[in-house]
Amino acid sequence: MTPANQTMTTINFTRGVPANESFPIDEVIDSAVSAMKANGTAMLQYGPSLGFQPLREWLAGWQKVTVDRVLTGNGSLQIIEFLCLHALKPGDVVFTEVPTYDRTITLLRRHGATIVGIPLDADGPNIEALEQALQKQVPKFFYLIPDFQNPAGATCSGAKRRQIVKLAAQYGFLIVEDAPYRMLRYRGTEEPTLYELAPEGTLHMSSFTKLIAPGVRVGFMIGEPSMIAKLAKKAEDTYISPGYVAQGITYEWCRRGLLTPQIERLKALYAPRLDACLAGLDKYMPDAVATRPDGGFFISLTLPEGVLTSAVKAEAAKHGLNLTDGQAFFPTGGGERFLRLPFCALSPAEIDDGVRRLADSVKAVR
């Protein structure tokens, strides 16, 4: 308990943001100076909407694809916007996992899409539910986050990835694979990407938001060249060209070979935080039904029967603990007992204290 004469420190289990101490500031400063000296004119001028060519070429080499399969943008979320502009008209059906990323839900609703939710199990989308949904209607695309999913933390198994690819080919829908957390695996063995399994039927997206910093606003998509060209036209009509200064700095940072050591630093920083969150749940909430991810930014849990996230959120605020409304991640209703716990921006001690406060809040409303 906090002594009466001390102010309780607020703990934020809300946004999935990187830790401030994870940012490679000195490396970015050095890269920015060198990039501007080497490519300053190109970085400060308008350019093709596909993005800064040296960065596209570097990404193509990293992803082992041809450069005509690479589109860059101001964060991956804006690239989803371009896909919606190109592919959707009001009433078109899109499948998503349930729960799923709330910002994508917002974009799909903005474009008038009919969202069909596929329940998410601990090892990925429920295939039986997917098959039943496909028998009723075929989506324009199925949006998934297969690795350390936001908000659930789940990772899609290899078997389910192959089943999804097979169903996409059978029914003729596009797979949209959002993979910003894929590089942040702290243990275990990675599964192949959906793009690797079906390169002609998958759009693979990621960004440098979780690897360098959100402020660089550099995302990218890998896909079939004609689709990439169509999305680039939507980008051109939106902003002429993306932020070349950020892309030029990101290219120089990557060109210097700094990505791999940065990923290793992030793993060393975040793995103990994941462990602290799991240990806190085991200690304070042993009966909680929680995901147990091997990486990423999130753990999620289902609160006990009869306990609503809204009530726990209100009670937690009295304990100096900020939580997120779980229903925002459910496009077709539900989520009243769902809770997402982002752990990367908190220290292990803060996480332990936060989970304790959460447990006290749950007990208070039961």
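User: Which handedness does the crossing of α1 and α9 have?

Analyst: This is a predicted model: local features need pLDDT of at least 70, side-chain atom pairs count only at pLDDT 80 or more, while totals for chains, interfaces and linings use all residues. Residues are numbered from 1 along each chain as its sequence is written, and side-chain values use heavy atoms, without hydrogens and water. A crossing is left-handed if the near helix is turned anticlockwise from the far one by less than a right angle, and right-handed if clockwise. For α1 and α9 the crossing is right-handed.

User: In what order do the 8 strands of the open sheet run?

Analyst: Helices (H or I, at least four residues) and strands (E, at least two) are DSSP runs, numbered from the N terminus. Two strands pair if DSSP finds at least two bridges between them. The pairing in this sheet is mixed, and the order is β2-β9-β8-β7-β6-β3-β4-β5.

User: Which are the edge strands?

Analyst: An edge strand pairs on one side only. That picks out β2 (70–73) and β5 (124–125).

User: Which residue in β9 stands opposite M205?

Analyst: Strands β8 (residues 202–207) and β9 (residues 219–222) run antiparallel and are joined by 4 bridges. Opposite M205 stands M221.

User: How are α5 and α6 oriented to each other?

Analyst: Axes are lines fitted to C-alpha atoms, for helices over the stretch in contact, and angles run from 0 to 180 degrees between N-to-C directions. The axes of α5 and α6 come within 11 Å and cross at roughly 10°. Angles under 35 degrees count as roughly parallel, over 145 as roughly antiparallel, 65 to 115 as roughly perpendicular and the rest as oblique. The two helices, α5 and α6, are therefore roughly parallel.

User: Over which residues does pLDDT stay under 50?

Analyst: pLDDT is the predictor's confidence in each residue, from 0 to 100. Its mean for the protein is 96. Where pLDDT is low, the predicted coordinates should not be read in detail. The stretch under 50 is residues 1–6.

Methods. Contact means heavy atoms within 4.5 Å.
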